[in-house]
Amino acid sequence: MTRQTILTTRRLRLREWRMSDVTAYHRHCNTDAVLHYLGGPTSKRHVRDEVAWFRWHQRSRGFTFWVVERKRDKALLGFCGIIRVPDQGSAVYGELEIGWRIRSDMWRRGYAFEAATGVIQLARATLAEERLVARIAADNRASWRLARKLGMRHEKRLDYVDDSDGMRYHIYALDNRKGR
């Protein structure tokens with residue numbers, strides 16, 4: 001069951017996490033470049049805990065940030081998916097959040113856009129919430145551009161600073177209703 005495919009796109013497969021993904025995820029996505037706007041690299045134990053949390057979220061909620069895997073060679077490229085915003089200090093606490101993280105050697109190839117487009121289509125087909133939000137580090141212009149390309153708009157009134165780490169976040173939102 002942990003090998004379950006959630007969705008496929010032309011080049012990608014989004015699937016559930018396996019604990020065996022920890023090593024590849026740590027090697028490729030726990031880097032200075034990828035985590036530049038998120039506080040920098042962390043320990044392998046932290047990555048293991050993060051993957052365990054993704055697995056828990058899948059079991060308890062039916063969705064999570066899923067593994068993004070390239071179909072042709074099964075390379076782990078990162079993650080993309082949906083969670084409930086866990087930050088109680090956020091104006092969007094408890095809402096559906098779309099998120100993505102792609103390893104830096106795969107940037108600028110359209111993988112994040114392709115994965116996120118598939119996730120948005122899935123959300124529109126299966127989830128009743130009226131909108132999806134994205135919490136994006138205030139200085140992460142590349143993710144702002146991707147959010148806008150996905151049709152999201154900046155909701156400036158919802159921007160906030162996370163009390164736990166002082167990170168500033170911009171909130172982008174997308175109407176999740178079919179036909180919108």
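Biologist: Which residues do ring pairs link into a cluster?

Modeller: Trp17, Tyr25, Trp53, Phe54, Trp56, Phe65 and Phe79. Rings of Phe, Tyr and Trp (its six-membered ring) pair if their centres lie within 6.5 Å. This is a predicted model, with local features needing pLDDT of at least 70 and side-chain atom pairs pLDDT 80 or more, while totals for chains, interfaces and linings use all residues. Residues are numbered from 1 along each chain as its sequence is written, and side-chain values use heavy atoms, without hydrogens and water.

Biologist: Why is the pair of Tyr25 and Phe79 called tilted?

Modeller: Planes under 30 degrees apart count as stacked, over 60 as edge-to-face and the rest as tilted. Tyr25 and Phe79 have 45° between the planes and 6.2 Å centre to centre, so the pair is tilted.

Biologist: What makes the pair of Phe65 and Phe79 stacked?

Modeller: Its planes are 5° apart, with 4.9 Å centre to centre, so the pair falls in the stacked class.

Biologist: How do you know that Tyr25 and Phe79 are buried?

Modeller: Buried means under 20% relative accessible area (exposed over 50%, partly exposed in between; 1.4 Å probe, protein chains only). Tyr25 has 2% and Phe79 has 3%, so both count as buried. Phe65, at 8%, is also buried.

Biologist: Why is Lys149 said to lie over the face of Phe113?

Modeller: The rule asks for NZ of Lys or CZ of Arg within 6 Å of the ring centre and within 35 degrees of the ring normal. Lys149 is at 4.5 Å from the ring centre of Phe113. The charged end of Arg135 sits over the ring of Tyr169, 5.8 Å from its centre.
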